[in-house]
Amino acid sequence: MNANLYALFESAFPADRSACCIESHLGQYYSWDDIDRASAGIANLLTSLKLDKDARIAVQVEKSPEALILYLATIRAGYVYLPLNTAYRASEIAYFVGNAEPAVVVCSPKNFGWVAQCAFKAGTRHVFTLDDGHNGRNSGSLLDRARHQPDTFQTVDKQPDDLAAILYTSGTTGRSKGAMLSHENLASNAKVLKEFWQWQPGDVLLHALPLFHVHGLFVASNGALLNGSKMIFLPKFDTADVIRLLPRSTVFMGVPTFYSRLLADPAFDAAACAGMRLFISGSAPLLTETFNAFKRRTGHTILERYGMSETTMLTSNPYDGERVGGTVGAPLPGVQVRVMNQTGEECATVEIGDVQVRGPNVFKGYWRMPEKTAEEFTADGYFKTGDVGKFDARGYLSIVGRSKDLIITGGYNVYPKEIETLIDDIDGVLESAVIGVPHADFGEAVTAVIVAKPGKRFSEAEIISALKSNIANFKVPKRVFFIEDLPRNTMGKVQKNLLRDRFQAA
Ligand code: AMP
């Protein structure tokens, strides 16, 4: 049997292929036939480039039905899909293309100049834009070119272990790791979630998540594709659009920020949600306050689940049983999750420890980082998630924090070290610490604490504007504070917990 993920989707296409697969926010309809033909055209074009079998196709484009078609075409043609956050700027893209060495880079027409420069420098031979607006040197609209290709394509045969995608876990130069996911990783998780969340005939997914992240691409899109369900695509989350479209939908997936924003709008009410079957939250902790307020306002109980780029989904609150706020539910079928203490034994119920996981969904390792990969797996094959959690008596897991200092803001990961390095480079800065402090809207807000050199003074705005031109907006600190000294323990480590306590209410 062909283990290609696209072959699995093909087997789930509805009998009526003229039915709608994707409805865009502009009201355009893409039938299952359209998706099949358009992905065949792009798959033919990619194949005509005579790429290596494991060629990476790196993609930094705005969300659109065409972006999803490009993902499907890449998988179908047997290449490795590598999505990149649309917020990344030149220094970040240069790192990713240098590290991944993609054979093909696809970007938005408006970014062609600088993306192509990064890509060609890294040795990439083909750079395309995703719509037909651009015809610069060495460029070309991917869709224009694909239109001249046949619209049928024999899905390439793949083994379960063959690579389907690489997801970079953060944007930190030198630290960002490419998680290698196989066809089997993605297929097994999609199948488990279809059963576990009881996807049904007639389901319609309101899709407001980005397509470059595990949540929007593998959980949301793969889920709908495997169920032969229609998706309504929003280019980005917008409260008014979501409220307008919920009555035509049955399933919605979001990061916690989406839910707090919906609740902040008085127009969001039980009537808007009357036809909904399921609301799912993940990618960052959902506040119990939001969970309860949502239930009061709409009568719906949000189903919270937990997962990560390296593993796709790991645990979930039940579809039928009790969904408990503040927990991420029990391990999904086929997935093993354990919580370990410092001495390497399994923790007792409610005892806090390191979360480790194993299963068919767990990635193959970090791209070209065998040592890092070896460090993150135990001798018995469990992946160390870096999350800290505990099981309750029901067997539900709660995530209580992260062993590293990763900040999650609006569902996006920010590694403090990257921001600290940039701040420390500013003339007159002695040192800095970047922390996450609780934020009602973003979950956590990136916050910088800076020690200036003697005689130097900065304003908060000066620091923020110096950073803005270098990094994606979501990484720029929301607040900047200045202090005399950073608190340190006897080993010389900065005590970030003390900084978090001090600045969380500021
Ligand atoms: P990413 O790889 O971007 O999906 O980030 C994965 C990380 O997000 C996990 O390791 C967790 O720290 C966090 N995460 C995902 N889902 C949840 C959740 N429901 N509750 C708390 N943290 C979560």
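The second largest pocket holds about 900 Å³ of space. Here a pocket is an open set of points on a 1 Å grid over the protein atoms alone, where a 1.4 Å probe fits, with protein on both sides within 12 Å along at least five of seven lines; its volume is the space filled by probe spheres set on the points. This is a predicted model, so local features need pLDDT of at least 70 and side-chain atom pairs pLDDT 80 or more, while totals for chains, interfaces and linings use all residues. Residues are numbered from 1 along each chain, and side-chain values use heavy atoms, with hydrogens and water left out.

The pocket's lining (residues with an atom within 4 Å of a point) runs to 36 residues, with T86, P210, F212, K236 and Y412 nearest the centre. Two elements, β4 (80-83) and α10 (256-263), each give two or more residues to that lining, and α10 has the largest share, with three.

Now for the packing. Beyond four places in sequence, Y71 touches (heavy atoms within 4.5 Å) L5, F9, Y81, L217, F218 and N222.

S221 sits in helix α8, residues 214-226 (a DSSP run of H or I, at least four residues). S221 counts as buried because its relative accessibility is 0%, where buried means under 20% relative accessible area with a 1.4 Å probe, protein chains only. Leaving out neighbours within four places, S221 contacts L68, H207, L211, G216 and M231.

Notes
Buried < 20%, exposed > 50% of the residue type's maximum accessible area, 1.4 Å probe, protein only.
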